[in-house]
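The points are numbered for reference.

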Amino acid sequence: MADSPSDKLAAAEFASAPILGPGYNYASVTDKISAIVLARRTPKWWIVGFLVSFALVMLLMVSVTYLVVAGVGIWGIQIPVGWGFAIINFVWWIGIGHAGTLISAILLLLRQTWRTSINRFAEAMTLFAVSCAGIFPLIHMGRPWLAYWLFPYPDTMKMWPNFRSPLVWDAFAVSTYATVSLLFWFIGLIPDLATLRDRAKNRPAKLIYGLLAMGWRGSAVHWERHETASLLLAGLATPLVLSVHTIVSFDFAFAIVPGWHATIFPPYFVAGAIYAGFAMVLTLSIPIRKLFHLEDFITMRHLDNMGKVLLATALIVGYGYMMEAFSAFYSGNQYERFMILNRMTGPYAPMYWLLIACNIVTPQFLWFRKVRAKVGALFAIAMVVNLGMWLERFVIVVTSLHRDFLPSSWGTYYPTRWDIFTFVGTIGLFLFLVFLFIRYLPLISIFEMRTLVASEEEKKAVN
Amino acid sequence: MAQIFHRSTNTISRVSIYGAVILIAVLGYAVDVVNQTSYVTEVHNARPQPVLFSHKHHVGELGLDCRYCHSSVEDSSSAGMPPTQTCMACHSQIWTSAAILEPVRASYRDSTPISWTRVNAVPDFVYFNHSIHVAKGVGCTTCHGPIAEMNITWREESLYMRWCLECHNAPEKYLRPRSEVFNAFYKPPSDQEALGKRLMAEYKVQKLTTCTTCHR
Amino acid sequence: MEFMDSDRKNTGQPDVDNSALRKAASGGETPRFWRGFDELADTPEFRNHKENEFPHGANDPDAKLDRRDLLKVMAASAAFAGLSGCTKLPNQKIVPYVRQPEQIIPGKALFYATAVTLGGVATGVLVESHMARPTKIEGNPDHPGSLGATDAFSQASILGLYDPDRSQAEIHDGRIGSWAEFQEELSTALGAEKGNNGSGVRLLTPTVTSPTLGDQINTFLKAYPSAKWVQYESATRDNIREGAKLAFGEYLNTVYRMDQADVILTLDSDFLTSGPGCLRYARDFARKRRVEGPESKMNRLYAVECTPTNTGAMADHRLRMRASDIEGLARAVARELGVSTVAGPVAPPNVPAGWIPALARDLKQHPGASLIVAGDQQPPIVHALAHAINQALGNTDKTVYFTAPLEVSPANQWEGISQLAADIRARSVTTLLILGCNPVYDAPVDLGFKEILPKVAFSARLGLSEDETSALCHWHIPQAHELESWGDARGYDGTASVIQPLIAPLYGGKSEVDFLAVINGQSAKPSHDFVHDYWQAQRAGVERFDVFWEKTLRDGVVDGTALPPKQVSLKPGIGAEPPATEAQGLEIVFRPDHTIWDGRFSNNGWLQELPKPLTLLTWDSVAMVSPKTAQRLGGSSRPADYLKSEDAVELKYKGRTIVAPVWVMPGHADESVTVFLGYGRRRSGRVGTGAGFDAGWIRPLATPWIGTGLEIRKTGDRWALATTQTQSTMEGREPIRIATLDEYLKNPKFAQAEAEENPLSLYPEVKYEGNQWGMAIDLNACTGCGGCVVACQAENNIAVVGKKEVMIGRHMHWIRIDRYYEGGVDDPSTYHEPVLCMHCENAPCEVVCPVAATVHSPEGLNEMVYNRCVGTRYCSNNCPYKVRRFNFYLYSDWDTPSLFGMRNPNVSVRSRGVMEKCSYCVQRINAVKIDAERQDRPIRDGEIVTACQQSCPSEAIVFGNINDPDSRVSKLKAMNRNYKLLEELNTRPRTTYLAKLRNPNPEIEKTPAV
Amino acid sequence: MKQQETIYGLMAEFATPEQLLEAARHTHEAGYRRIDAFAPFPIEGLAHAVGFHRTRLPLVVLVAGIIGGCSGFFLQYYAAAVSYPVNVGGRPLNSWPAFIPVTFEITILFAAAAAVFGMLAMNGLPTPYHPVFNVPRFALASRDRFFLCIKALDPMFDVEQTRKFLHTLSPREVTEIEP
């Protein structure tokens, strides 16, 4: 069993602040969390937020429909900039997804007990982010209805995908990632679904939660296998999550375009992903703990830790940018040199410097405990980082392409309103799913909170 | 606590889960099967024609050579459809009053072409050339089937790319001597493989599977 | 007439019955010339047009039907291509002939020889015809003016033929009329004139070199002695004619022998890419610049010009100078070369010290092998001086000779048109018959044709489209396109070609010959007979004229019609009278547009979208100014105020103003503004109407080409322009490698400096055996004319995307001509580089395609399979040459039936969302391969010719088998000038370039430029 | 033994995990084998206490992973080098380095699927209906109560004896479980 009481003890001792408010027992954590789901009355803010996000989903529908009818020409893409917002957004969303898996898998392996209260919705966030990401590779195609050609199947043409293409790797990586995340998330949910089944008052809820819980009854043997499965999945998900963003970075690193063709991409994409992901977790958890009064479960300790992770990854990413510039100059390759100079001084220079400001300068405030202790400040920084990471992808995609080898084919890329609608639309879809999730599923893992309570009590016993 | 579900739910739920998996597999296979059916491929589906022309009679019984009507097959991409003139060459002499031939006579009389219904067609993005296939020893009936037995002409093969590649990957299985190309009654010999290999060498037949062979 | 044929795939469009022959073919034409007629007569999409008598296109059910089927097939093949190799069989019909004509074999192309004309001068062409539909124009190797090459205009005439905006019916005062009705009205009108010998009758035609037409017109003038015949074109060549008259006292035709000239001086002339014979001149010129090895020589070209031209770009020494100063320079050179009695200032302004003497010395050293060429826009005196200098250098009859004029009756067209205007104002014109001309749009504006034309009692106009002039005439008669009509015309050296129809008039148009026949009351006689009979009369000597006629039609030229050199004697005292006083103020120069000429091609999408050389602008005309002048005109020293490209300005000249976009043109002469004719059409068609601004509006009778006193005022607005290249410098990269001849001889391997012997590769080398296709492009020969671009567009069914898309950067050309400047913005050297798919052996595009839609063929082709492409655009991103083009929208026209017939049946018409690019004309490769295979023989070198190569006048592009050491392409690639573009990327391109060489005059190269 | 038809077994309820763990140990030591314990969260050693030693799940996952990896690579090799060999960018037909990412992803996919479905299968889930749900207070097993069940199938099972025995473990209460 991963989080043995003793480990939790150790973790708790080193911990500066508590990771669970005082005075909670099995019953109270159970009731507090399941109450959120089973509450009769839906909070007003939820209804408002839900409707807003729903409206944005409709915007997405409109944009995509028009896209399929008219063609990708409605976007700003052209030659030389064949990829624009679509791929930028794809990488951005995928990156965001990574934090969830990281928290649920890697931190589990590293026995970080503080993950307990945030991993459930972090994982959910992963799923939602990946589903937003998944839309773009599909719709950015000139003929999306033929997307299935990217997968191998015996067809009447005897044709196969080209397995040398990073896009095919992408297709496999992203779909695998989505599937595994979903499974991981679901088996984590089973015991809590059982809890809801047993707490639910009205029959439909009982039925639905009951079916989903698959008749979980908390048998010791079941728990044993459940724990093993979770650990195995964590072990699998960890290399998977690293591979996914590595492969996403291959989309660029495998191309010969100056600014893409760099060995540094995989590590710095992964770091960037975690960076973006944690920023998004913060962005979500801060309002959620406020609105659902979960300050005792998602404590300042959590926010503080996430702030630290943010800072750490910010430094890695910053190092990435530095090395990119350095190797460009050091390489002596005129195209690379030009590329980096063009980023810094060319038509898109503002984007580049704004990105530096967002991703490297701003997070430096997190060195100060005071800042990390201010919820508002953390939230602001997280938002800035979200923006910064989007800009990073913009810079990578656009500034590399718009001026490559032959000056004769240089061009400038301007997004159209449809680029923006589609992007905003996916943000809407993301929020839409988040709202559904926090209303109808336990947004904190109940059974793991119970284990946490158990460990707290042992701590008392020891003291 | 009371039971929420009846005993049977256990079985039902398990069956439905594993059933779903199997169902998906079956559906996938079904699509492939349907694509092979004559409903999709039109294979063996005799199509109505303005004139009840019988290859069985003209080729099978009278033994007309393919080239008598499809005259450009040896030097053009298209095998060519016979002008009314060609029909009238004989039918101005025989069956001159047969009702069945009225459309032909009418066409000749007031110079309005007969519009036949296409039986063998490939998509617009496929560029097929009859002359080179004929020149390399691919017999008419290899693709067009037992034409000498067709009263109303039907399509013998799916004309799917997969089908084309069967021969382009292994011509030796299908080649025949040039002298036999237009023989509608040709039966491949028992040692087809050996013969095919010999002819491949003799006719310098290549295994062309590169895209631009057919797609431009 | 059948010239050659090649194995091509059937169009898949129904074959058709030729029974309409008897119905349709009027009278006694030899049927087989008319075969095109009948096939078309019955194919559905054309039937629409025959029945569709309403010109303003009431939508036709049949057309819709066709379209639906077509879209069905398209959609189906797009949507289901994946699941099933081909879709559920669409219910197609096969419509065979009733009686099959002997030449036509379904699926095989026929080639017919004919000619297309510009300004009356013929270029011999071969027209490829599929199932009697003309689909492509090639040069006629037997025609001296073509030698197998074509220019953009002739290539694009195929689109002109199928242009859906062509007029489709006789219009009488705005209502649909009929040909018969018109004939009646005309005969009454002429009948009324009979009494006074037709003194009220005027015949307005473009320049006529057609012997047959001339003969008809003379017949008419005999019948109506007092009637007047006026020839007029706004891009008139009066200056040349008057120049000859000034020098020799008579109208003459000047022919150059570039192959004889070692030193050439052009005075504002663009002889390489425009004007009669330019194709031939470009070829001869380029041949004098083929540097094969150390021993080879190069000619030397000096260009003095105001507006940068392709010729100027090719020059070894280019001197920019206001157009009105060039006369001064000509005088100075003449004096330097001892042409006596030349008056005028000692040296014109802005000429580097020692330039003229050095030039003169160089010319002197090449007596009989030098050449002075004066430009069409230069006044007669400059031409006269040029003649005089050539005479003095002993070039006459060596590098230049003179013949009788090409025109049937040469005349000063501007005097003609102004006289006509005067007569109309004086009410002395009662009947005006206009053949093709569009005076309302392009006549000198102060003649006010728009106002006076309605004053004519009976005016009729024969025109391809219902344009500005037709709108003001009582009658508009749809004109038959050159590819639809019988006629003849003379080439640049006088060689006559018979123009034969490839197809029946799509919209029931009438040819000029038909029209004259009606005027002469011979409407019963078919136009073929006029041409036939005329030449029969000319060849009275020949027994078996039918054989001669047959041969003439087959060859495309009439034997022995080239005009013989004429002995000329120079008039004394040329240039003796001092030049007109130095013109003051800002200069304005008018020039015909490079792609749409005087506006006659303005509704031609291919030509509108063809990037104009040097500016690479499309869909627009501009007012060109030099950077310095742009600064000055800014009115202040603040760079923000300088005139910039795309600033809208008001041009005020001789009291008229027009708003135009500025284009700051490096290398343009200072204090001079160039504007281009042909734009700002008000009634042209879907494509041409409204594009650009009408420079003609400020072009008075007095100054057709060059004037001074222009005023410019900034409007403050912006006029967005669509150019296909925004970056003009090489940014320290070396896409084009350049050296002077001396440098090259010192270091013959300069172009291959940093080439590695065998670049590293992780992977085992792929063995390429058998035929391996490759291409070599000689940058020393390429003039950047753009002919190849349109040729490629025609051959490969490339779509036109329109100004907006070009502005975003979505033009579709498979071959583009890059232009780079080197040196300061004021007077840079200009270089051209055609870039098409390199067919890399290590193709970056192929590896990244997820669905293997672009892969490598065993013969080394980089294949692009449209029907497999899903459109990720990854390949384009990863193509360092950016030669891939993407269908962001459904660019190909799947709706307009008339365009279906134009398409090359051997190339898929691309649908939305797929990538496309140069295929090395794989359809041609396959056709030849199949022929060779069937005849069991190897493919001969030069047997496969790509469209761009075929059209190239300067033979810059060579394609062939690089595995065969004796092939031309291998030989070129073996040269030490040969280099690979972006070699350092190790993409191993199959297309390579021969470095550019310049041959400057050492004396001048030393002197610093001003 | 007629009890088996009438009841599924006996269920004892405890207040704390420690008590349950204790009780489970004793019951096992007492020789009962068909026993099961129910808790709202995993308790260290409980499974061991009820006599469950090790799960075979990891092995299943390993095998699935290996199968996935092999089939993944073979699929690519077959497609690129056997079924339709074609020169792509001058790369060899079997560009195995390029095939690794997909191979890896398929390995993970198979292994992960095996882990989840293996777990469910071994646990005999889904089982929406189960006798233990008949125990009135069993709903609390997913909240804060801990249960020990001795099944009637146990050879040592006898309603009275077993009930007595369970009471020695000082449960909150002992109830019979309807089948």
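**Interface and salt bridges**

1. Across the interface of chain A and chain C the rule finds 1 salt bridge (a side-chain nitrogen of Lys or Arg within 4 Å of a carboxyl oxygen of Asp or Glu). Asp404(A) and Lys882(C) form it, at 2.8 Å from N to O. The model is predicted: local features need pLDDT of at least 70, side-chain atom pairs count only at pLDDT 80 or more, and totals for chains, interfaces and linings use all residues. Residues are numbered from 1 along each chain as its sequence is written, chains are lettered from A in the order written, and side-chain values use heavy atoms, without hydrogens and water.

2. The contact (heavy atoms within 4.5 Å) takes 57 residues from chain A and 59 residues from chain C. In chain A, Ile79(A), Arg143(A) and Leu406(A) lose the most area to chain C, together 16% of what that side buries.

3. Over all chains the structure holds 82 salt bridges. Within chain A, Arg115(A) pairs with Glu448(A), the closest N and O atoms being 3.2 Å apart. Both Arg115(A) and Glu448(A) are buried (under 20% relative accessible area; exposed is over 50%, partly exposed in between; 1.4 Å probe, protein chains only).

4. In chain C, Lys566(C) and Glu250(C) form a salt bridge at 3.1 Å between the closest N and O atoms. Lys566(C) is partly exposed at 28% relative accessibility, and Glu250(C) is partly exposed at 27%.

5. A network of salt bridges links Arg283(C), Arg287(C), Arg290(C), Asp778(C), Glu955(C) and Arg977(C). Within it, Arg287(C) meets Glu955(C) at 2.9 Å; Arg287(C) is partly exposed at 48%, whereas Glu955(C) is buried at 18%.

Note on methods:
Buried area is the accessible area (1.4 Å probe) that two parts lose on being put together, summed over both.
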